[in-house]
Amino acid sequence: MTGFLPSDRIARVRLVEDRPRARTPEIQQELDIALFDLSEDNSFQIIGEAPAGPYHLGIGMVDRLLGLEVTTETGEPALSLQLSLSPLRATIRDYFEICESYFDAVKRLPPSKIEAIDMGRRGLHDDGAEILLTRLEGKIATDLQTARRLFTVVCALQFRG
C-alpha cells in the first residue's frame, strides 16, 4: 500500500515481555537497532475504524502468539491484535541459522564469503517480512522496510538463548 499520511507511523515502540529473555549480544544488538530504526522511520496504518496516529506500539509474546497493542500518543486504544507465528516458524528458524553463520563468519572469513552469507540473510529477512505483511493484511498496512524491522523484533522475541 502507498499513500501513507505523515501521521501513519509508529512514534514509540516498547517490548512487552512477561519475563526478561536471555539474548546473545548479537541478537540484542539486532533488536536494539530494529527498535531504534522502527521508531525513527516507518509507515504504519491501521485498516478500518481506528483513531489517527502517530501510534505507540507494544509488541511481545502472549502465550505462543505475537501480541500487538497499539495506542495513540495520548494512550487511546487503537488496536489489539494477536497473531499466530506458525506461518513464520520455518523462516525464523532458518534466519537464526544463517545469522549464526553470519556472526561466526564476521570473526574469521574474508569479506567475499561474509557478503555471500549476508545476501542469504537479507533474502530470508525479506521472506519473513513478506509473510508478516500477509499476516497483517486487512488489519495493518505497512511498507516492506517497516515489516523487515518488525520481523527482526519478532525473531528476537523468539530467540531462546
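Helices H2 and H4 pack at an angle of about 80°, with their axes 11 Å apart. Here, axes are lines fitted to C-alpha atoms, for helices over the stretch in contact, and angles run from 0 to 180 degrees between N-to-C directions. Helices (H or I, at least four residues) and strands (E, at least two) are DSSP runs, numbered from the N terminus. H2 and H4 are therefore roughly perpendicular to each other, a label given to angles of 65 to 115 degrees, while angles under 35 count as roughly parallel, over 145 as roughly antiparallel and the rest as oblique. On the H2 side, the contact (heavy atoms within 4.5 Å) is made by Arg89, Thr91, Ile92, Tyr95 and Phe96, and on the H4 side by Phe151, Val154, Cys155 and Gln158. Sorted by class, these are six nonpolar, two polar and one charged residues. In this sorting, Ala, Val, Leu, Ile, Met, Phe, Trp, Tyr, Cys and Pro count as nonpolar, Asp, Glu, Lys and Arg as charged, and the others, Gly among them, as polar.

The model is predicted: local features need pLDDT of at least 70, side-chain atom pairs count only at pLDDT 80 or more, and totals for chains, interfaces and linings use all residues. Residues are numbered from 1 along each chain as its sequence is written, and side-chain values use heavy atoms, with hydrogens and water left out. The average pLDDT (the predictor's confidence in each residue, from 0 to 100) is 88 for the chain, and 96% of the residues score at least 70. Confidence is lowest in helix H1 (residues 25-40), with a mean of 85, and highest in strand S6 (residues 140-142), at 96.

The inside of the protein comes next. The largest nonpolar core has 41 residues, and those with the most contacts inside it are Leu57, Ile59, Leu66, Leu68 and Leu136. Helix H2 (residues 89-108) gives the most to this core, with eight residues. Such a core is a set of buried Ala, Val, Leu, Ile, Met, Phe, Trp, Tyr and Cys residues joined through side-chain atoms within 4.5 Å. Buried means under 20% relative accessible area, exposed over 50%, and partly exposed in between (1.4 Å probe, protein chains only). Leaving aside residues up to four places away in sequence, Leu68 touches Leu57, Gly58, Ile59, Leu79, Ser80, Leu81, Leu136 and Ile140.

Several loops can be followed in the same way. Ser43 sits in the loop between H1 and strand S2 (44-46), and Ser43 counts as buried because its relative accessibility is 14%. Its contacts, not counting residues up to four places away in sequence, are Phe4, Asp8, Ala141, Thr142, Asp143 and Thr146.

The loop between S2 and S3 holds Pro51. Beyond four places in sequence, Pro51 touches Thr72, Glu76, Pro77 and Ala78. Pro51 and Leu79 are 28 residues apart in sequence, and their C-alpha atoms are 9.2 Å apart in space. Pro54 is found in the loop between S2 and strand S3 (55-62), and the peptide bond from Gly53 to Pro54 is cis, with omega near 5°. Asp63 lies in the loop between S3 and strand S4 (65-72); its phi is near 55°, a positive value in a residue other than glycine. Most residues other than glycine have a negative phi, and most peptide bonds are trans. With 75% relative accessibility, Asp63 counts as exposed.

Not counting residues up to four places away in sequence, Ala11 touches Ser39, Pro54, Tyr55, His56 and Glu73. Pro87 lies in the loop between strand S5 (77-84) and H2, and at 41% relative accessibility Pro87 is partly exposed too. Beyond four places in sequence, Pro87 touches Ile131 and Arg135.
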